[in-house]
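Work through the exercises below with the sequence and the coordinates open. Each task is followed by a solution in steps.

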Protein chains: 2
Amino acid sequence: MIPPVISKVFSCYLALLYLNCLTDLRFYLNKTSYLCPQFSGGKLFHIGRLSTVDLEEEIDEEESVVSRPKEIPHNEKLLSLKYESLDYDNSENQLFLEEERRMSQMGFKCLEMSRWLVCALIGILTGLIACFIDIVVENLAGLKYQVIQQNIERFTETGGLSISLILWVLLNSAFVMVGSVIVAFFEPIAAGSGIPQIKCYLNGVKIPRVVRLKTLVVKVCGVICSVVGGLAVGKEGPMIHSGAVVAAGISQGRSTSLKRDFKIFEYFRRDTEKRDFVSAGAAAGVSAAFGAPVGGVLFSLEEGASFWNQMLTWRIFFASMISTFTLNFFMSIYHNKPGDFSNPGLINFGRFDSDSTEYYLYEIPLFIIMGAFGGLLGALFNVLNYWLTILRIRYIHRPCLQVMEAVLVAAVTATVSFTMIYFSDDCQPLGEDQLEEYPLQLFCADGEYNSMATAVFNTPERSVRSLFHSPAGSYNPVTLGIFTITYFFLACWTYGLTVSAGVFIPSLLIGAAWGRLFGILLASFTPHNSIQTLADPGKYALIGAAAQLGGIVRMTLSLTVIMVEATGNVTYGLPIMLVLMTAKIVGDYFVEGLYDIHIKLQSVPFLHWDAPATSHSLTAREVMSSPVTCFNLVEKVGTIVDVLSNTSTNHNGFPVVSRLSDGCEPGKICGLILRSQLIVLLKHKVFVERARSRLNQRKLQLKDFRDAYPRFPPIQSIHVSQDERECMMDLTEFMNPTPYTVTQETSLPRVFKLFRALGLRHLIVVDSDNQVVGLVTRKDLARYHLGKHGLEELQLAQT
Amino acid sequence: MIPPVISKVFSCYLALLYLNCLTDLRFYLNKTSYLCPQFSGGKLFHIGRLSTVDLEEEIDEEESVVSRPKEIPHNEKLLSLKYESLDYDNSENQLFLEEERRMSQMGFKCLEMSRWLVCALIGILTGLIACFIDIVVENLAGLKYQVIQQNIERFTETGGLSISLILWVLLNSAFVMVGSVIVAFFEPIAAGSGIPQIKCYLNGVKIPRVVRLKTLVVKVCGVICSVVGGLAVGKEGPMIHSGAVVAAGISQGRSTSLKRDFKIFEYFRRDTEKRDFVSAGAAAGVSAAFGAPVGGVLFSLEEGASFWNQMLTWRIFFASMISTFTLNFFMSIYHNKPGDFSNPGLINFGRFDSDSTEYYLYEIPLFIIMGAFGGLLGALFNVLNYWLTILRIRYIHRPCLQVMEAVLVAAVTATVSFTMIYFSDDCQPLGEDQLEEYPLQLFCADGEYNSMATAVFNTPERSVRSLFHSPAGSYNPVTLGIFTITYFFLACWTYGLTVSAGVFIPSLLIGAAWGRLFGILLASFTPHNSIQTLADPGKYALIGAAAQLGGIVRMTLSLTVIMVEATGNVTYGLPIMLVLMTAKIVGDYFVEGLYDIHIKLQSVPFLHWDAPATSHSLTAREVMSSPVTCFNLVEKVGTIVDVLSNTSTNHNGFPVVSRLSDGCEPGKICGLILRSQLIVLLKHKVFVERARSRLNQRKLQLKDFRDAYPRFPPIQSIHVSQDERECMMDLTEFMNPTPYTVTQETSLPRVFKLFRALGLRHLIVVDSDNQVVGLVTRKDLARYHLGKHGLEELQLAQT
């Protein structure tokens, strides 16, 4: 059946790539202290250069891809120091206050209106991107399946089906290779679903290159290739990332990649505004992906919100609505049914009729059991994927190896699918209401089709819908069982490949398959008089899908709403919610959610909602970093340059103090100044000695800071002569004069809450005389977490 | 037709109650400085006693109803000093830290589980209450309408219809009188929908008596009476209040009214936890009222959230889900269709089929025009109701007058309805699918019914559904026009009566009527070939309903989701959203939302989301109250008692400072102690001099503070002997040692954000030496608002 030459090639691949990896299993065992010898610069998140000076977004990108760090921690007991926080807190210096004072009430209204305009644009563009992806995927995948179908039909009779298999494998591999090459060689951060990265960004962590135009282009092309290439992936997750990039791009009114500045929306060029818009973009992405505008808003809030703001939420909702509407509108035109707004998202679960939406109280325990099963299976998925990811970090770090692995997975997927179809004897009669787009007859009788082919010879979205809505009896239990097991391992292997792809749809598909199986088995075990109510396996497929997805990603509120909106039926709200809760509780007992695992593997200083419950005994004194590098109100330029150039500290915020010239004791706090501000000041040579000559020049304005945002030049690129080093800089006008401060006795939960609620980057700790004694940053807080044995502390790693 | 005797009685009522009011219109004109000579103690919110000492929730309730304040401001240029804030910020004193340290990780898990349990109980009980209200209203109203229908049918032939009118008037008046009497005489705070009060509570303002058991009982009985009494009211608004009361009651594990303490959930006896549970209760109420669990969560967040917390939101959602499920479950049993979960809320808009959910792009401008019209009409409604409310505050302040007015409105409503039916000649054939519960034939031909009667001879919920779903042609434009106008004024007159009732349903009904009218007119003005798409006036009824409701209450996000969930169709999301936005923008141009008007009329210090846009030039120095009453770390009991007894200041939070014994200069900040804490300390006589003897007694624990919560005794009730006055009290252990502080230069928006995000009650302002120079409270921030001419400042009134 399968020609021996192909199987030989596969075994070679396998031997080459995996065998040597698997021999080295010892590092799981002592993984707490193990550091990988090598690491791919851009496997999950792009890792910047080793030099810690320019860990701000780099100017020269290409170079950074080439130079790779040698020692990268890859385990969750470490916390990387290389990720910086976003400055969500506004620096209210004198320049800012002057600008605000100059603005009239009308000015604020215009600003508000332009925020709405930006959100509308975000929604429209995100919807259009979703539309583009959908149409291209539909056409390319349709073409591919038609070609293969014809080929299979031709060779079923004559008996050369191995040629069909080769055709299928080649087609899939070709698409996946293209998708993988662009990701691996051009923009490694575009790999995966992008949801972990967006979670981090919304949490307030600056992930380099994550919201760039290039990332978007690669992401969109990559996802098309991987879906058309028949991988066990979905196109929904990447939409969230795409929406976020769109938002970051539009709101800044310029593109640094294209070197175009449209001179609009200049006011929004700061972290606070940008992060708000990125929330809207992520919501618009969810909305377009699942047709779930409310779910999108809740996703953004769940991942990003610190301080809930009504107007902001309302704008986010607006962007979401516009996004799903745009998608719907253009899809209705594309399908030649203008006005038919029944395609609100990339995936539609189809309409669950009100007849079949009944469920009984006694079914709820059944649903909960399914939730627990989903949690178990999800935990298994996550553990397997965790091991696989560590293997990948360790061995498959060169782009060419990554591409090879992706192609291998594509080939294996096609082969396995073909084999399953080939050996399946589940023939079903072709119905009137043909849900199957590409029915394969194969060895079935005339007027029948191969049921396994509906599940695997199809885009995953269609397979999900078919499992939800095909009438009872469309699938035979054996088919479903084999499909579940195969697809589970395929999906697990696929997530983390160097391709752009999401895990939502594969999870749903696995869950729908075993859920439907569960429903069929249940019906066969119950007496005949109650079969009426249990006759609908589609209901169990839905619950199973929710359970599996919940068990893998462990989202709660937003996922419930997304599922409810995607089914278009609020009746299932409670069951879905209970199932997701159960899956989360059971799954969390074993291992974290998939996204959290990947975030932890990158040692990102991610702040959760609350400080660990038992951390009240810790105070700011124990948490803070000390001593702190401070500047005087009027500071020597040389000192500033030296401090900024010190690669061993690489601080980003400096308390400004007033102290006596002897400087023996710490000074009283006067304000806080950021590295980025100092760099702009140095660049414009705002020195006291030049004040007189500056009178002729224009005064430094906020605009100068905004123009430099977000890629502030590194300190090395600024030339300061020996004469200038002796000059003085007056920071009074530029520092934030009223930073938030706490005393040393403040408990960790209190510090945490202040930090989280206000989106801070630096929190100054003072003593009773208002003298600076320490500084709390994101890493100081993220260090503490609740482990199995109470409060644990992560190590900080300078990488 | 109408017997002269009845009309005479009416004109007497009118003359008595209104004519003298209307002659005195001048006070609108100079309302900025006008103070009402008299004011009803419990018209909108219950006003406590005049003495400012015990403005905390009173112990002796009955007395407070009797003694009424003489001078109450009733206009929006004042800010009352009598409302206190909730202490959302946790006082992390040594007792608290010790308790936390003693708790194991398991202890925290148990606590978390009991939070979930409480939320489940809240959901179940709220659902049951909704169920009870629904069933009782359905049966009583059904009985009433049947009796009247039979009577009308009997007298249509014989010609004594005035007797039917009298019967109708008497029945309505009787019900309304009962409902009004219990509200006016027993619990005035139960009047109205309760939404403004819950908004205030969630915002952090302590409204006395608003979450008591008695309030709940009166509210539930009151709303049944007013709906059965045929007033233009809905039973949905009060559900939100009911849910909140349920939550406050269950979470405390005791009822002070019933004098029962179940000794459970003692940990939750503090403002922070209670407010969180009340959020869940309000959400459960919305969920039960509209079958909108997500809308409920968003309502709570929109009104209450400061700091978004994922677990809290998830619990709120859980309560909402349980609530709608409980209602649905018991209603399905009641309707003998177990398992049919199609009654998720008290009001169901019915299922909008997917055939009729189409709309075209060119319809969107039409929807926006409707939104603008709804905004205009809503503004008119609000202005009229504003005037009426001022009239009521001024003239109708005695409970008996309030009852009389309510009965009058009931009588007028019945009369007007009867008149409209009587003079209507809109006869429609009785269809197969009979949406009309009580079809009145009257003078129509056999097999026909009076179409006006469907609109007014019915509970408002059914009328709304009929307007949404009756086939095209069921209503004649004239009927709809007359109905809109009449019902508009009736509803406007009704809102603010001393009955428990909501404004949601009347608003929807008005909007549905003119929306349907709009749809009919549109269809008649458009050429025939496009009539197909416009043939469904139900669609326009829905949009009109949204526009009218949005124009009156001006909610945005949560209302959109509530409407979408109630229609069960996500397709209308965008139109509803656009309509609500337009209605809000247009309406806000003229006047605020109805709830906000009523909140302002009570001079509640309500904090909005952000500080006014142009307030960056204000700093804490200008905003704060100064000088501040401080205590020393070890303070003389006499001083404390004197300060607490000082009725002219009535402070609730006192900074604790360490200062030299001469006390010349302000001391350094050491902590913050609350009035309630001091009172407990005084009650337990925790004096330094007794420390030795106290060694034998048990140490004061957090439990003692919790037991006293929330009705801390007034200072007068605590006897302190002259000897004891000389003792000293050590506050170190009990004060919050790490209160949040800001410097004097901090801008108002920054102070505001800190205050709002953390739910503070007191924020201490310090100078550069950490010496206390001022204190910012809720009132200091609420004082500033953006008026027509820029930043305006409200006066503070000691009432």
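## Exercise 1: a strand pair in chain A

V657(A) stands opposite I669(A) in β13(A). The model is a predicted one.

Task: describe the sheet that contains β13(A), and state which strands stand at the edges.

Solution. 
- Step 1. Strand β12 (residues 653–658) of chain A pairs with β13(A) in the antiparallel sense, over six bridges.
- Step 2. The sheet is open and has three strands in the order β10-β12-β13 (chain A), with mixed pairing.
- Step 3. The edges are β10 (631–632) and β13 (668–674) of chain A; each has a single partner strand, so one side of each lacks a neighbour in the sheet.

## Exercise 2: the interface

Task: describe how chain B meets chain A, giving the contacts, the buried area and the elements that take part.

Solution. 
- Step 1. On chain B, 83 residues are in contact with 83 residues of chain A.
- Step 2. About 7600 Å² is buried between the two chains, and carbon and sulfur atoms give 66% of this area.
- Step 3. Between chain B and chain A there are four salt bridges. In a salt bridge of 2.1 Å (N to O), the side chain of K668(B) meets that of D769(A).
- Step 4. Polar contacts between chain B and chain A come to 24 residue pairs, both residues at pLDDT 80 or more. Elements of chain B that give two or more residues to the side touching chain A include α5 (105–158), α12 (310–334) and α22 (573–590). The most come from α12(B), with nine residues.
- Step 5. By class, this side of chain B has 40 nonpolar, 25 polar and 18 charged residues.

## Exercise 3: a buried glutamate

Task: is E565(A) buried or exposed, and which backbone nitrogens lie by its side chain?

Solution. 
- Step 1. E565(A) belongs to helix α21 (residues 557–567) of chain A.
- Step 2. The relative accessible area of E565(A) is 13%; the cut-off for buried is under 20%, so E565(A) is buried.
- Step 3. A polar atom of the E565(A) side chain lies 3.3 Å from the backbone nitrogen of V294(A), and one lies 2.7 Å from the backbone nitrogen of G295(A).
- Step 4. Leaving aside neighbours within four places in sequence, the contacts of E565(A) include P293(A) and, from the other chain, V570(B).

Technical notes. Residues numbered from 1 in each chain as written. Chains lettered and ligands numbered in written order. Predicted model: local features only at pLDDT ≥ 70, side-chain atom pairs only at ≥ 80, totals over all residues. Heavy atoms only, no water. Contact = heavy atoms within 4.5 Å. Buried area = accessible area lost by both parts, 1.4 Å probe. Polar contact = N/O pair within 3.5 Å; in protein donor to acceptor, adjacent residues only side chain to side chain. Helix = DSSP H or I, 4+ residues; strand = E, 2+ residues; numbered from the N terminus. Nonpolar A, V, L, I, M, F, W, Y, C, P; charged D, E, K, R; others polar. Buried < 20%, exposed > 50% of the residue type's maximum accessible area, 1.4 Å probe, protein only. Pairing = 2+ DSSP bridges.
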